[in-house]
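The following exercises concern a predicted model.

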Amino acid sequence: MRNPSRRVFVMTVMAGGSALTATRVSAQAAAPALAETDPQAAALGYKADGSKVDKAKYPQHVATQVCSGCNFYQGKPTEPTAPCQLFAGKKVVAKGWCTAWAKKA
Ligand code: SF4
């Protein structure tokens with residue numbers, strides 16, 4: 001790369017990309033917990049503690065179905081909370097559950 005303005009451009013783009021990634025990671029880390037009273041959460045029967053799911057209302061729920069084992073859970077299974085693809089900008093609890101649960105692929 002002999003053209004200095006091209007080098008500056010490439011370095012600026014690379015620095016900008018790193019800053020955006022760092023911002024996104026930090027935004028996920030600071031995301032608030034999903035409230036069970038959130039309208040979308042309530043519509044999907046979300047419970048932060050899957051053992052408290054109303055078995056009469058949600059007979060399809062089984063104890064082994066928890067957020068950390070769900071395909072939509074965006075964290076490692078060992079993380080206590082993580083973002084969920086269905087609830088943008090919020091974190092769900094690893095031992096939580098909702099009716100959209102789908103086994104992690
Ligand atoms: Fe939990 Fe999956 Fe429902 Fe998200 S979609 S709240 S990870 S059960």
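**Exercise 1. Overall architecture**

Determine which elements the protein has and in what order they run from the N terminus.

*Solution.* Step 1: the protein has two helices and two strands. Step 2: read from the N terminus on, these elements follow the order α-α-β-β. Step 3: of the 105 residues in the protein, 25% are buried. Step 4: the accessible surface is about 7,100 Å², and carbon and sulfur atoms account for 62% of that area. Step 5: take the contacts between residues at least 6 apart in sequence; 58% of them join residues at least 24 apart.

**Exercise 2. The ligand and its shell**

*Solution.* Step 2: the residues surrounding the ligand are Y46, C67, C70, F72, Y73, C84, L86, F87, V92, C98 and W101.

**Exercise 3. The setting of H61**

Is H61 buried or exposed, and which residues is H61 in contact with, leaving aside neighbours within four places in sequence?

*Solution.* Step 1: H61 is located in the loop between α2 (39–43) and β1 (81–84). Step 2: the relative accessible area of H61 is 7%. Step 3: buried means under 20%, so H61 is classed as buried. Step 4: with neighbours within four places in sequence set aside, H61 is in contact with G50, V53, K55 and W97.

Terms used. Residues numbered from 1 in each chain as written. Predicted model: local features only at pLDDT ≥ 70, side-chain atom pairs only at ≥ 80, totals over all residues. Heavy atoms only, no water. Near = heavy atom within 4 Å. Helix = DSSP H or I, 4+ residues; strand = E, 2+ residues; numbered from the N terminus. Buried < 20%, exposed > 50% of the residue type's maximum accessible area, 1.4 Å probe, protein only. Contact = heavy atoms within 4.5 Å. Areas by Shrake-Rupley, 256 points an atom, 1.4 Å probe, with all protein chains shown as cover.
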